[in-house]
Amino acid sequence: MSSWHEFIFMGKHGAYVWSSYLMTLIVLLGLFIGFRMMLKSLKQKAQQEAKAPSGERTKARKLKVSPTE
Amino acid sequence: MILTLLKRELKVARRNWIGLAIPLLFFIIVVSLFPFAVSPEAPVLQKLAPGVIWVAALLAMLLSLEQFYRSDYQDGSLEQLLLMSSPTSVAISKILAHWLLTGLPLVILSPLLAVLMQINYGSAGSSHTWVLMLSLVLGTPTLCLLGAVGMSLTLAASRNGLLVSILIIPLYVPILIFGASTVTASLENMRYNGELAILGAFLLIAIVFAPFASGRALKISVG
Amino acid sequence: MANAWRWFHQLGSPKYLFQKTGQWLPWIWGATLILLAVGLYYSLWASPIEVRQGQGHTVRIMYVHVPAAALSMIAYIAMAIAATVGLVWKMKMAFAAVRSIAPVGAAMTFLALFTGSVWGKPTWGTWWEWDARMTSELLLLFLYLGYIALHASFSDRSKADKAGAILAIVGVINIPIIYLSVKWWNTLHQGYSVTEEGALDPAFQTPLFLMLGAMYLLFAALVIMRLRAEIILRNQKARWVTEWATGQSTERGDA
């Protein structure tokens with residue numbers, strides 16, 4: 001690479017090269033943010049459940065007998 | 001054991017004969033759309049024929065899959081069957097019944113479609129029709145076997161009609177490739193033994209793996 | 001050996017796995033970012049253009065395309081291995097891993113297709129070619145989406161896990177068959193493959209290997225992130241999850 005101009009335009013293929021890298025960035029960043037938000041919302045949910053009065057919690061637990069356990 | 005199960009399947013199917021006829025009707029109607037959409041000229045139709053007939057056969061097999069499993073699962077008789085005999089033999093009986101009642105009729109009906117699609121255009125005999133039937137004889141059982149795995153997996157799922165198609169169609173691609181190209185090779189007056197042999201190999205591989213996988217899947221769906 | 005076996009069993013415990021991955025994750029991210037920075041520097045700046053085939057700067061697309069394509073295959077194989085572990089040893093965390101690999105693998109497959117298509121336009125003059133590799137990659141994407149759709153269609157998670165595991169194993173048996181069939185079909189219709197690769201010039205190897213390493217690590221990091229969310233999702237009622245969420249526990253598994 002000899003100049004910034006060449007770096008940006010990549011010969012005459014700037015659109016192709018940059019769109020590839022940009023799409024990769026968008027998709028991977030999307031996964032990163034999505035997974036982070038998923039964990040965060042689960043954490044909040046668990047916090048809310050912990051705050052709820054204990055009587056309600058046991059009731060909810062009884063209702064949700066998960067077959068996976 | 002498998003024979004008893006098979007007899008039961010056939011007996012159940014006899015009560016639901018119209019459900020069995022619908023996929024066959026679909027097979028014919030879909031193929032007859034192509035002359036309207038493309039062109040009624042014989043050379044064009046002949047070129048399209050292998051692909052069109054094979055795709056239609058594949059879709060008809062997928063459509064017919066549901067009735068061999070769905071009602072048995074819903075009324076609980078599948079659970080009883082699995083209590084009485086091994087899951088693999090239940091799967092084998094269902095696959096056999098599916099082929100006998102859908103695959104075999106498709107093979108028998110295919111000469112009619114060969115006529116509609118002008119498959120023997122420009123050749124004196126009807127050798128291409130025989131090749132088409134042969135490719136379907138070797139290919140449709142594999143479609144049944146793979147379809148059984150997909151159907152057994154989706155039995156307990158909440159949405160299933162199209163789900164099974166999504167799961168199974170990618171796995172059907174190799175069969176479609178070699179099934180259609182057997183007929184194409186015949187149309188181009190080339191040797192088609194290799195393609196038939198590969199279809200046969202797919203069938204053998206599927207016979208080894210699919211009944212077991214389908215049995216496991218049935219067990220998961222019910223258990 | 002006995003130690004390794006015990007460790008393997010410990011990984012089956014959601015709490016242990018969550019804590020361990022929480023400890024690993026910062027290190028993996030750190031290594032990823034370093035490799036990625038160096039790799040991007042080489043792939044976008046400090047590497048020559050392709051002259052022999054006249055690709056020019058488009059050769060730089062290879063540095064994201066090849067890692068994505070490689071990972072799309074490896075991810076599916078990893079899914080099938082985890083699925084087998086889950087079915088044979090009845091290990092629930094293996095099923096969680098299968099479910100966590102699927103979206104990242106699907107994303108890699110999509111990226112391989114997208115960058116391949118963008119690369120194809122200037123080199124072959126077309127966005128899409130029914131080339132053996134691209135077609136197999138497309139079918140692989142369908143397999144990933146099929147798994148995700150199947151898993152999402154069950155109300156009972158353990159059924160979804162087992163059905164999905166069987167699908168992953170059936171799929172992995174089929175991948176070579178699909179690939180060889182498509183390759184045969186492609187040579188029949190075109191007689192050549194557009195993605196035939198010659199020996200790679202050493203000048204292109206440095207950025208490629210750097211990017212391969214970076215993308216592998218990035219993949220691992222994303223899968224672990226998804227896995228951690230999946231573990232919490234599956235153990236919402238466990239006491240250690242409540243402790244983790246409210247920060248009562250001394251150990252912080254957060255990263």
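This is a short chat about how the three chains of a predicted model touch one another.

Q: Before we start, what sort of model is this, and how are residues and chains labelled?
A: It is a predicted model, where local features need pLDDT of at least 70, side-chain atom pairs count only at pLDDT 80 or more, and totals for chains, interfaces and linings use all residues. Residues are numbered from 1 along each chain as its sequence is written, while chains are lettered from A and ligands numbered from 1 in the order in which they are written.

Q: Thanks! Which pair of chains has the most contacts?
A: Chains A and C, among the 2 pairs that touch. Two residues are in contact here if their C-beta atoms, placed from the backbone, lie within 7 Å.

Q: And how far apart are the closest C-alpha atoms of chain A and chain B?
A: They lie 11 Å apart, and no contact joins those two chains.

Q: OK, how many residues meet between C and A?
A: There are 35 residues of chain C in contact with 28 residues of chain A. On the chain C side, H4(C) gives the most, with 10 residues. Helices here are DSSP runs (H or I, at least four residues), numbered from the N terminus.

Q: Switching topic: where does C:Ile61 sit?
A: In the loop between helix H2 (14-44) and helix H3 (62-89) of chain C.

Q: Is C:Ile61 buried or exposed?
A: Buried, because 27 other C-beta atoms lie within 10 Å; the cut-offs are 20 or more for buried, 12 or fewer for exposed, and partly exposed in between, with C-beta atoms placed from the backbone.

Q: What does C:Ile61 touch?
A: Leaving out residues up to four places away in sequence, its contacts include A:Tyr16, A:Val17 and C:Thr115. C:Ile61 and C:Thr115 are 54 residues apart in sequence, yet 6.8 Å apart in space, C-alpha to C-alpha.

Q: Last one: what comes just after H3(B)?
A: B:Gly76, which takes a positive phi of about 85 degrees.

Technical notes. Helix = DSSP H or I, 4+ residues; strand = E, 2+ residues; numbered from the N terminus.
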